[in-house]
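Open the model in your viewer and keep the selection tool at hand. We will go stop by stop.

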There are 2 protein chains.
Amino acid sequence: MVRQTKENAELTRQRIIDAARQVFLERGVSRTSMEQIAAAAGVTRGAVYWHFSNKTELFSVMREQVFLPLIDRMDDNLQLENNEDPLAQIEAFLNGTIQALNESQTTRETYEIMMIKCEYVEEFSEVLKQILNNCDGIIQKLEQLYQRAKNKSQLSGSQDPSELALDTHLFFSGLLHMWVKDTDSSHFRKRTNALIASHINLRRN
Amino acid sequence: MVRQTKENAELTRQRIIDAARQVFLERGVSRTSMEQIAAAAGVTRGAVYWHFSNKTELFSVMREQVFLPLIDRMDDNLQLENNEDPLAQIEAFLNGTIQALNESQTTRETYEIMMIKCEYVEEFSEVLKQILNNCDGIIQKLEQLYQRAKNKSQLSGSQDPSELALDTHLFFSGLLHMWVKDTDSSHFRKRTNALIASHINLRRN
DNA sequence: TTGCTTACATACAAATATGAATGTATATTA
DNA sequence: TAATATACATTCATATTTGTATGTAAGCAA
């Protein structure tokens, strides 16, 4: 197989991305060599370098394939439609993200790589900034939703939407980390729905 | 300087550990070579290999120097003394840990390395297990404290101590991550106390 | 059909990293 | 004070990894 058609080349490219994800997961991003990725994809380094200029670019593509759609989905779930029940909407957003993890192994693996199999230095610290920016967006939207919940007297006591939003974001950030790290026992993953429910319930009037 | 006294050797050892922390922070654990550590410590690789058998051991020592005392301190803060105000005790525990970060640059740096400059694969996945075990311990103690808070009718509504404990742990885990990642702007760090206060307040009767 | 380009494989050169082996001067100890 | 162990520095052999350069057969356009 010396020269593939355009279609086949695209398949090869995707196989390389999938192989990279697999090896990143096993050996960590830094320890992974292009040779290992090539071997896992059943090609040589020549092919990998043909499709991607280096490991960093390959990493970025792998990440974006999963995260860009995921972020879109999260944005949708947080959209300010005229919802009767903002608190329920927040809950649905949290559950939706967990559901995305449950449904797609690729998403799960990518999350795991991003969280505990990647060192955010040099070129990669840029990625960290993007992530933080994204967090800011989510926090803002949460705050708006909490504000609307407050306007509708859904909240108990006199709670500040801004602090509620941050509290929820931190909770969820911690939740995702735990969810990802809890690979074998998985006794944690079964509790997530209840946890999210009680987290929201704590706020409800 | 070919042969130092025992005392000086101990100083050299510590200098190597400090140098390792510094280079780990800059380049990430994986990308850091023994040569770079040696250079940063002002010695040669010979000295580094004399004191530590390899990078993994050096990493472990660096980590334990900071974490073992920190864990002890956290355990102390969570101890079940006959406290009148369990909720305040939890709040003090959270604030205390943040304070430890504020007070010690070494602790801060080590946390940052552990969180975003280290890949938890192969030998390092053992470390991850230890961390998770520790979390379990903290969660259990939080649960006991929440139980006592409930017995004293400190809690509003009918909240489950077990879920409150997990919620607090996830919140705090997320908080630590944010705290560490928020290196430059530091606008987040100033809000931590207020955030912790409102997190606890949400539970209070 | 020819010629150019694509999609790789193979080969090469240079850099970097590791662990161990060896050297060595000085503390330490008997 | 002589012998030994210590605390390193230096050297060496060996991998490993990277990027690039070159080769090549087949696809594709004119």
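**Stop 1: a tyrosine inside chain A**

Select A:Tyr146. A:Tyr146 counts as buried because 25 C-beta neighbours lie inside 10 Å. The cut-offs are these: buried means 20 or more other C-beta atoms within 10 Å of a residue's own, exposed means 12 or fewer, and partly exposed is in between, with C-beta atoms placed from the backbone. A:Tyr146 sits in helix α7 (residues 125-151) of chain A. Helices here are DSSP runs of H or I with at least four residues, strands are runs of E with at least two, and both are numbered from the N terminus.

Which residues does A:Tyr146 touch, not counting residues up to four places away in sequence? Show A:Pro161, A:Leu164 and A:Ala165. Contact means that the C-beta atoms of two residues, placed from the backbone, lie within 7 Å.

A word on what you are viewing. This is a predicted model, in which local features need pLDDT of at least 70, side-chain atom pairs count only at pLDDT 80 or more, and totals for chains, interfaces and linings use all residues. Residues are numbered from 1 along each chain as its sequence is written, while chains are lettered from A and ligands numbered from 1 in the order in which they are written.

**Stop 2: all of chain A**

Zoom out to chain A. Chain A has 9 helices and 0 strands. Its C-alpha trace spans about 70 × 35 × 30 Å along the principal axes. Of the 205 residues in chain A, 31% are buried. Take the contacts in chain A with a separation of 6 or more: 62% of them join residues 24 or more positions apart.

**Stop 3: two helices that cross**

Two packed helices are described by the angle between their axes and the distance between the axes. Select helix α6 (residues 105-116) and helix α8 (residues 161-181) of chain A. They pack at an angle of about 110°, and their axes are 10 Å apart. So α6(A) is roughly perpendicular to α8(A). Axes are lines fitted to C-alpha atoms, for helices over the stretch in contact, and angles run from 0 to 180 degrees between N-to-C directions. Angles of 65 to 115 degrees count as roughly perpendicular, under 35 as roughly parallel, over 145 as roughly antiparallel, and the rest as oblique.

Which residues meet here, between α6(A) and α8(A)? From α6(A), pick A:Tyr111, A:Glu112, A:Met115 and A:Ile116. From α8(A), pick A:His177, A:Val180 and A:Lys181.

**Stop 4: a loop residue**

Select A:Glu122, in the loop between α6 and α7 of chain A. A:Glu122 is exposed, with 12 other C-beta atoms within 10 Å. Its phi is near 45°, a positive value in a residue other than glycine. Most residues other than glycine have a negative phi.

Jump to chain B and select B:Ser153, in the loop between α7 and α8. B:Ser153 also is not a glycine, and its phi is positive, at about 55°. B:Ser153 is exposed, with 8 other C-beta atoms within 10 Å.

**Stop 5: where the chains meet**

Show chains A and B together. In chain B, 31 residues are in contact with 31 residues of chain A. On the chain B side, α7 (125-151), α8 (161-181) and α9 (192-201) each supply at least two residues. The largest share, 11 residues, comes from α8(B).

A rotation of 180° with 0.0 Å of shift along its axis superposes chain B on chain A, with an RMSD of 0.0 Å. That is the relation of a two-fold axis. The superposition is by least squares on the C-alpha atoms of residues with pLDDT of at least 70 in both copies. The copies meet through the same surface, because 100% of the interface residues of chain B are also interface residues in chain A.

**Stop 6: the DNA**

Select DNA strand D. Among the 24 residues around it, A:Ser33, B:Ala9, B:Thr12, B:Gly46 and B:Ala47 come nearest. A residue is near a strand or molecule if its C-beta atom, placed from the backbone, lies within 6 Å of it. α3(B) gives the most to this surface, with 4 residues.

Finish on DNA strand C. Of the 24 residues around DNA strand C, A:Ala9, A:Thr44, A:Gly46, A:Ala47 and B:Ser33 come nearest. Here the largest share, 4 residues, comes from α3(A).
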